[in-house]
Amino acid sequence: MTTIAKVETFLVAPRWLFVRVETVSGIVGWGEATCEGRSETVRTAVHQLSELLTGRDALRIEDHWQVLTKGSFYRGGPILASAVSGLDQALWDIAGKHYGAPVHQLLGGPVRDRIRVYGWIGGDEPAEIRDQISARIEAGLTAVKMNASGRMGALASVADLDAVVQRVAVAREVLGDDRDVAVDFHGRFTLANVRRVAPLLEPYRPFFLEEPVVPENSHLIGEAVRCTTTPISTGERLYSRQEFLPVLQAGIAVAQPDLAHAGGITEVRKIATLAELYDVQLAPHCPLGPIALAACLQVGFATPNFLIQEQSIGIHYNQGAEVLDYCLDQTPLTFVDGYVQRLTAPGLGIEIDEHAVRTADKRGHAWRSPTWRHPDGSYAEW
């Protein structure tokens with residue numbers, strides 16, 4: 001039977017929240033509801049929502065998604081959407097295991113046999129770019145992403161803008177013309193700064209410029225699109241099709257929903273279909289754990305307009321555990337020549353080390369976003 005018997009959550013290092021859903025017949029599905037810096041809050045939301053699932057058929061995924069997202073007068077936002085995401089991934093994992101097929105097969109079957117991945121270089125204030133990129137190339141990656149800057153004033157100095165350009169120039173020099181560098185503005189730039197620096201980066205042909213303005217200012221992203229020929233991406237802090245529609249209409253080139261935040265597999269598939277109408281590619285945000293990564297890949301193998309996948313192996317945020325530490329078999333998420341091969345095992349395609357997860361949950365974590373201030377003491381966007 002696929003009736004849901006139990007929902008559990010695990011807060012594990014370095015900053016992740018795992019969701020475990022078990023049926024009365026013993027099928028276990030895993031999801032990831034990580035909301036960086038707010039995972040304890042999401043944990044409470046998951047357990048509240050589990051009241052709507054316990055005793056019901058796990059295979060009614062779309063129906064559950066509708067109830068979980070619309071069954072309350074107050075909807076949406078990062079907390080609720082992240083909670084729904086973790087539960088939704090776990091239900092798809094159960095469905096795949098029940099039918100003996102990987103999730104992408106349930107989504108219509110594969111449209112590709114491997115997915116290109118990229119890795120991060122540098123921290124919040126990039127340094128030693130040359131050495132870090134060389135290490136990524138040595139590891140076989142063909143694409144990297146870097147932060148454009150750390151703190152950035154409302155009207156940046158010439159020195160600050162030049163530093164952004166110089167770092168990207170070094171990245172291009174090391175990568176050559178056959179590899180790619182994406183540049184993450186991380187919402188730290190005002191529109192005025194974007195207009196000044198984006199054209200200066202064009203000679204170095206970035207893969208895309210990510211989140212040039214904060215999501216609250218998505219109404220301005222069209223101006224960022226119009227000031228440069230470089231593709232513009234955004235979406236890690238957008239949580240539904242409705243929130244993606246305006247930025248798609250504004251002309252972004254790459255949509256970046258996060259499967260741990262944007263309603264899970266069910267909603268991100270719909271976001272991908274909507275993006276396809278605007279000739280926009282999908283590149284899910286995922287500086288998270290192995291479950292979120294596996295969910296992204298399952299969507300990618302069944303999605304025609306899928307571009308590339310972010311992954312956080314070796315990222316500077318990961319302290320206390322690495323992405324593959326909670327996997328019994330690391331082989332499915334091994335990268336070869338900058339790609340991950342199609343996952344073939346049932347469900348999400350990975351096997352979680354439950355003992356390691358339960359042990360890590362006893363230690364827990366209390367990861368928080370850093371708080372930055374400008375030299376004058378005012379708050380700086382993170």
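Glu-211 sits in the loop that links strand E7 (209-210) to helix H8 (221-226); here helices (H or I, at least four residues) and strands (E, at least two) are DSSP runs, numbered from the N terminus. The phi angle of Glu-211 is near 45°, a positive value in a residue other than glycine. The model is predicted, so that local features need pLDDT of at least 70 and side-chain atom pairs count only at pLDDT 80 or more, while totals for chains, interfaces and linings use all residues. Residues are numbered from 1 along each chain as its sequence is written, and side-chain values use heavy atoms, with hydrogens and water left out. Another loop, between strand E1 (4-12) and strand E2 (16-23), holds Pro-14. The peptide bond that leads from Ala-13 to Pro-14 is cis, with omega near 5°.

Two packed helices are described by the angle between their axes and the distance between the axes. Axes are lines fitted to C-alpha atoms, for helices over the stretch in contact, and angles run from 0 to 180 degrees between N-to-C directions. Angles under 35 degrees count as roughly parallel, over 145 as roughly antiparallel, 65 to 115 as roughly perpendicular and the rest as oblique.

Helix H2 (residues 61-70) packs on helix H10 (residues 264-277) at an angle of about 90°, and their axes are 9 Å apart. H2 is therefore roughly perpendicular to H10. Ile-61, Glu-62, Trp-65 and Gln-66 of H2 make the contact (heavy atoms within 4.5 Å) with Thr-266, Glu-267 and Lys-270 of H10. By class, this contact has two nonpolar, two polar and three charged residues, where Ala, Val, Leu, Ile, Met, Phe, Trp, Tyr, Cys and Pro count as nonpolar, Asp, Glu, Lys and Arg as charged, and the others, Gly among them, as polar.

With helix H3 (residues 77-99), H2 packs at about 170°, the axes being 10 Å apart. The two helices are therefore roughly antiparallel. On the H2 side, Ile-61, His-64, Trp-65, Leu-68 and Thr-69 take part, and they meet Leu-80, Val-84, Leu-87, Asp-88, Leu-91, Trp-92 and Ala-95 of H3. The contact of H2 with H3 comprises nine nonpolar residues, two polar and one charged.

H3 also packs on H10, at an angle of about 95° and with the axes 6 Å apart. H3 is therefore roughly perpendicular to H10. In this pair, Ser-85, Asp-88, Gln-89 and Trp-92 of H3 meet Gly-264, Ile-265 and Thr-266 of H10. Four of the residues in the contact are polar, two are nonpolar and one is charged.
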